[in-house]
Amino acid sequence: MIRLSILALLLAGCAGSQVKSVSDRIVQEAAGNDGALKKLVELCDDVGHRLSGSKGLERAVEWAVATMKADGHENVRAEPAMVTKWVRGQESLTLVEPREMPMVLLGLGGSVGTPLEGITAEVVAVPNQAELDRLGEAVRGKIVLFNYAMPPYNPKDGPKYGETVTYRVNGAAWAAKHGAVAALVRSVTARSLRTPHTGGMNYGDAKVKIPGAAITIEDAEMLARFCARGKKPVVRLMMEAKTEGEVESHNVVGEIVGREWPDEIVVISGHLDSWDVGSGAHDDAAGCVTAMQALTTLRRMGLRPRRTIRVVLWTNEENGIGGAKAYVRDHKDELSRHVAAIEADSGGFAPRGFSMEQRNPEYLKKAIERMRRYVAPLAAMKADDVREGGSGADVGQFKAHGVVCLGLNVDMATYFDYHHTPADTPDKVNPTELAQCVAAMALAAYQIAEFGWE
């Protein structure tokens, strides 16, 4: 959509130095403010974990509404969304043979539980799916351990999350097809101090559902060594996990209404829910407070761009995407007027830039080039990289509707040390890096809302 008149184009060209000055001011104001950190501490320490369907998540909704109202934002509201309620209950894992020892585990989100007496069975360790398929019937009546190691992080290849997390997501279904009675997965991390990492799993169309849980790298390696030596380790797994259907939750929304085209919208976002361990500081309290403080930065600077900037704090990203799906359904009549949707869901580490996707390759190419100019002032903090790539689980729901979707990329060298663990707490967040994330989000949102993709 071409909205700039010839006069407006001339004014934009003549005002280049002024625009640069505004951009620099946004970066300076955001990077030098500790508002995001204060919000993060409140959300994590005062509210705590925020699993979908829990009282903690609804306390977080109330906190977010009150906080955005206190910051003076417009149209602050909680919008309903149905979410899956999964309950962990009590759980334990004990090595029985060749010696008795308590082990550390976290049940996987969506898992079924064990019988009341638990499951006591031999463990068969496999390094990958191919080895499971080769063993076939040999795992019947046994517990399969997927001891697939996440590769060490390197800047070129990234964390290799996708190829590793498939064992967490699909392992139980794969094992059940061969008659296994439960599945254990090595935690999705490259480094560990005997810390387990939870996360979602998926039974797909599996006819038989068996319990699934994550164990630590250290315990996975020990069990694998027993198997390699012919020791036939036996464990007792007990899990009360169950799914209690769907319950109502809420996305939280707040805005700076655009001064010229208020019905055109730029979404900035993070997800409000977390797993029920730790307090979800990096995943994704950091993303939520980044979006909230970005909007607050612009408001306090007195900046009201042409288009509306809308913060959305998603519910249920971790185990269902219920919040984003509800938003797309309930806002279907205005999706064509969503100019962009940005998500921060990679932790509050040093920002590195943005990845972008859009269903039209030619349009995406032009948007990337425009975005590179918009974020050039972030070069000093090495946050000006813009490339094609995934955006986020929530805003990715917008892609089919022609919206330009962006993800805020950060330095992920240590993200999976804390991901989905009891250790994901505010002390792991660097205040300077979190403020830089706010600067990147605020600048991107303002530039897109002011100038669009024309």
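The second largest cavity of this predicted model is lined by S274, W275, V277, G280, D283, H420, T421 and D424. Its volume comes to about 50 Å³. Sorted by class, this lining holds two nonpolar, four polar and two charged residues. D284 itself belongs to helix 8, which covers residues 281-300.

How many cavities does a search of the whole structure find? With 30 Å³ or more as the limit, there are four. The largest cavity reaches a volume of about 80 Å³. Its lining consists of 14 residues, and those nearest the centre are Y153, A190, A413, F416 and D417. Ten residues of this lining are nonpolar, two are polar and two are charged.

An open sheet of eight strands runs in the order 3-2-9-5-6-7-8-4, and its pairing is mixed. Which strands form the edges of this sheet? They are strand 3 and strand 4 (105-107), each of which pairs on one side only. On average, neighbouring strands of the sheet are turned by 35° against each other, with direction ignored.

Strands of a sheet pair through backbone hydrogen bonds, either parallel or antiparallel. Both kinds can be followed here along the strand order. Strand 2 and strand 9 (residues 234-239) are antiparallel partners, joined over six bridges. Within strand 9, V234 is the residue that stands opposite E97. Strand 9 also pairs with strand 5 (residues 119-126), again in the antiparallel sense, over four bridges. In that pairing, I119 faces L237 of strand 9. A parallel example comes from strand 6 and strand 7 (residues 182-186), which pair over four bridges. There, L145 has L184 in strand 7 as its bridge partner. When looking along any one of these strands on screen, a reader may keep in mind a simple rule: in a regular strand the side chains alternate between the two faces of the sheet.

Where is P98 found? P98 sits in the loop between strand 2 (91-97) and strand 3 (101-103).

K160 has a phi near 60°, a positive value in a residue other than glycine. The place of K160 is the loop between strand 6 (143-146) and helix 6 (161-177). I321 likewise has a positive phi, of about 60°, although this residue is not a glycine. I321 is found in the loop between strand 12 (307-314) and helix 9 (322-330).

Is I321 buried or exposed? The relative accessible area of I321 is 15%, and buried means under 20%, so I321 counts as buried. For K160 the relative accessibility is 33%, which lies between the limits of 20% and 50%, so K160 counts as partly exposed.

Technical notes: Residues are numbered from 1 along each chain as its sequence is written. This is a predicted model: local features need pLDDT of at least 70, side-chain atom pairs count only at pLDDT 80 or more; totals for chains, interfaces and linings use all residues. Side-chain values use heavy atoms; hydrogens and water are left out. Helices (H or I, at least four residues) and strands (E, at least two) are DSSP runs, numbered from the N terminus. Buried means under 20% relative accessible area, exposed over 50%, partly exposed in between (1.4 Å probe, protein chains only). Two strands pair if DSSP finds at least two bridges between them. Axes are lines fitted to C-alpha atoms, for helices over the stretch in contact, and angles run from 0 to 180 degrees between N-to-C directions. On a 1 Å grid over the protein atoms alone, a cavity is a set of points where a 1.4 Å probe fits but cannot get out, and a pocket is an open set with protein on both sides within 12 Å along at least five of seven lines; lining residues have an atom within 4 Å of a point. Grid points are joined across faces, edges and corners, and a volume is the space filled by probe spheres set on the points. Ala, Val, Leu, Ile, Met, Phe, Trp, Tyr, Cys and Pro count as nonpolar, Asp, Glu, Lys and Arg as charged, and the others, Gly among them, as polar.
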